[in-house]
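Okay, thanks for coming, everyone.

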Amino acid sequence: DPYIYFYEEFLQKFDKKERQIRGAYYTPPPVVKYIISGINEILKDNFDIHEGLADESITLLDFAVGTGTFLVEVFKQIFDELKELNTPQAQIDNKIRNHILQNFFGFEYMISPFTISYLKLTRMIEDYGFKFTKQDCPKIYLTNTLEETKDPSNLFNLKGIEKHIRETMNVKTTKKIFVITGNPPYLKSDKTTEHIK
């Protein structure tokens, strides 16, 4: 994954201390696949949601999206199941537009991983044959998950990001999230790895 090599090496060299403070560490794909597969199976077996993550009633948030590794795996598992069922491209497009681009959200605090995740998810969806319109975009937001998002009308003149802030507020205050997943930021030292509680 060229995005990850760039991101990991860039952060390591550019600002190692900031990386440690923010807890920005990459989760290996096999770990992510195991977690997302588990969520998908639990939805099917324990909640009787037969389509699992592909069911349009499911909303999901990655609260520390980083470079999008968890959401990429979510989308991949949905797409793989659709392909196994020989789903026509038109139905896949509808699933993307009406479910994947509406019900899956990511919050990220740092601009570098935010940008990478946005590019990565967009490219992945395009690779599955979807043609984006001006209204279509992944629901990734630059925000601190733990802080209340301020109303942009009370901030400085930030017209360029006002829509982004309003959408972030809407997700934080009105969306009913069914699944929360991701790898929380953590402190890393030479001797031990201590998760922030």
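So, searching the whole structure turns up six aromatic pairs. By pair I mean Phe, Tyr or Trp rings (six-membered ring for Trp) with centres within 6.5 Å, called stacked if the planes are under 30 degrees apart, edge-to-face if over 60, and tilted for the rest. Quick caveats: this is a predicted model, with local features needing pLDDT of at least 70, side-chain atom pairs counted only at pLDDT 80 or more, and totals for chains, interfaces and linings using all residues. Numbering starts from 1 along each chain as its sequence is written, and side-chain values use heavy atoms, leaving out hydrogens and water.

One of the pairs is phenylalanine 47 with phenylalanine 178, edge-to-face, at 5.5 Å centre to centre and 75° between the planes. They sit 131 residues apart, phenylalanine 47 in the loop between helix H3 and strand E1, phenylalanine 178 in the loop between H7 and E4. Helices (H or I, at least four residues) and strands (E, at least two) are DSSP runs numbered from the N terminus. Phenylalanine 47 is partly exposed because its relative accessible area is 48%; buried is under 20%, exposed over 50%, partly exposed in between, with a 1.4 Å probe and protein chains only.

Next, phenylalanine 130 and phenylalanine 132: edge-to-face again, 5.1 Å and 90°. Phenylalanine 130 is buried at 2%, while phenylalanine 132 is partly exposed at 23%.

Last, helix H4, residues 69-84: in there, Phe70, Phe75 and Phe79 are among the buried residues.
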